[in-house]
Amino acid sequence: GAEQWSKTWGGTGDDIAVAVALDTAGNIYVAGLTNSISLAVGSNDQTLVKYNSSGAEQWSKTWGGGADDLAIALALDTAGNIYVAGFTDSSGLTAGDDDQTLVKYNSSGAEQWSKTWGGNGSDVAYALALDTAGNIYVAGYTGSTGLTAGSSDQTLVKYDSSGAEQWSKTWGGTGTDYARALALDTAGNIYVAGWTNSSGLTAGN
């Protein structure tokens with residue numbers, strides 16, 4: 001239980017880590033947000049920082065626009081590419097209040113592509129997973145008109161390895177329904193967990 005090392009990263013504002021992942025070489029990737037003036041374009045930007053196994057920073061990246069952008073989930077593929085999901089509220093990036101985001105970086109931290117998904121309301125990605133064919137699955141919620149049956153619905157969006165959307169699904173009732181976790185099995189089935197307070201779907205509140 002002896003501490004090996006500790007690291008801090010950030011500037012003069014709020015810098016928050018939300019997700020972490022490791023590659024096969026022992027490098028560590030940390031995603032979250034910054035609102036430090038020298039680091040963020042807007043009020044908050046998504047962040048991605050890579051450390052080696054000794055804790056030495058290799059590189060850092062920020063992503064976003066003039067408003068709030070937050071990274072919430074993080075995954076790596078076998079080629080070392082990094083996928084970051086979350087949301088954006090920045091003008092020019094979103095169709096509504098917030099849109100789900102998915103950003104792909106290569107192992108050197110160069111952005112490969114970015115995608116947003118959502119409508120005129122609040123849409124947030126909370127979890128992501130990759131299959132062996134390189135497809136990306138993103139789960140979260142939507143509060144957008146025309147996408148939800150209630151105040152919000154669970155969402156599941158599939159992208160191929162190039163970032164092209166394959167399909168999207170929503171699930172829920174007349175109340176609030178969120179997806180917070182996501183996993184795949186070896187047969188390609190997708191499991192999404194979260195919560196609902198929709199009438200007819202819940203036994204309690």
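Strand 3 (residues 45–51) and strand 4 run antiparallel and are joined by six bridges; strands here are DSSP runs of E with at least two residues, numbered from the N terminus, and two strands pair if DSSP finds at least two bridges between them. This is a predicted model, in which local features need pLDDT of at least 70 and side-chain atom pairs count only at pLDDT 80 or more, while totals for chains, interfaces and linings use all residues. Residues are numbered from 1 along each chain as its sequence is written, and side-chain values use heavy atoms, with hydrogens and water left out.

- Tyr-51 stands opposite Glu-57, a residue of strand 4.
- An open sheet of four strands has the order 1-2-3-4, and its pairing is antiparallel.
- Strand 1 (15–22) and strand 4 (57–63) are the edge strands, each pairing on one side only.
- From one strand to the next, the twist averages 20°, with axes taken as lines fitted to C-alpha atoms and angles running from 0 to 180 degrees between N-to-C directions.

- An open sheet of four strands has the order 5-6-7-8, with antiparallel pairing.
- Strand 5 (69–76) and strand 8 (111–117) stand at the edges with a single partner strand each, so one side of each has no neighbour in the sheet.
- The twist averages 20° from one strand to the next.
- Strand 5 is joined to strand 6 (residues 82–88) by seven bridges, and the two run antiparallel.
- Ile-82 in strand 6 is the bridge partner of Leu-76.

**Asp-99 in strand 7**

- Asp-99 lies in strand 7 (residues 99–105).
- Asp-99 is buried yet has no salt bridge, and the nearest side chain of opposite charge, Lys-115, is 13 Å away. Buried means under 20% relative accessible area and exposed over 50%, with partly exposed in between (1.4 Å probe, protein chains only). A salt bridge places a side-chain nitrogen of Lys or Arg within 4 Å of a carboxyl oxygen of Asp or Glu. Lys and Arg count as positive and Asp and Glu as negative, whereas His and the chain ends are not counted.
- Leaving aside neighbours within four places in sequence, Asp-99 is in contact (heavy atoms within 4.5 Å) with residues including Phe-87, Thr-94, Trp-117 and Asp-123.

- Strand 13 (residues 177–184) and strand 14 (residues 190–196) run antiparallel, joined by seven bridges.
- Leu-182 stands opposite Val-192 in strand 14.
- The hairpin has five residues between the strands, and Gly-188 takes a positive phi near 90°.
- Ala-187, in the loop between strand 13 and strand 14, is exposed, with a relative accessible area of 63%.
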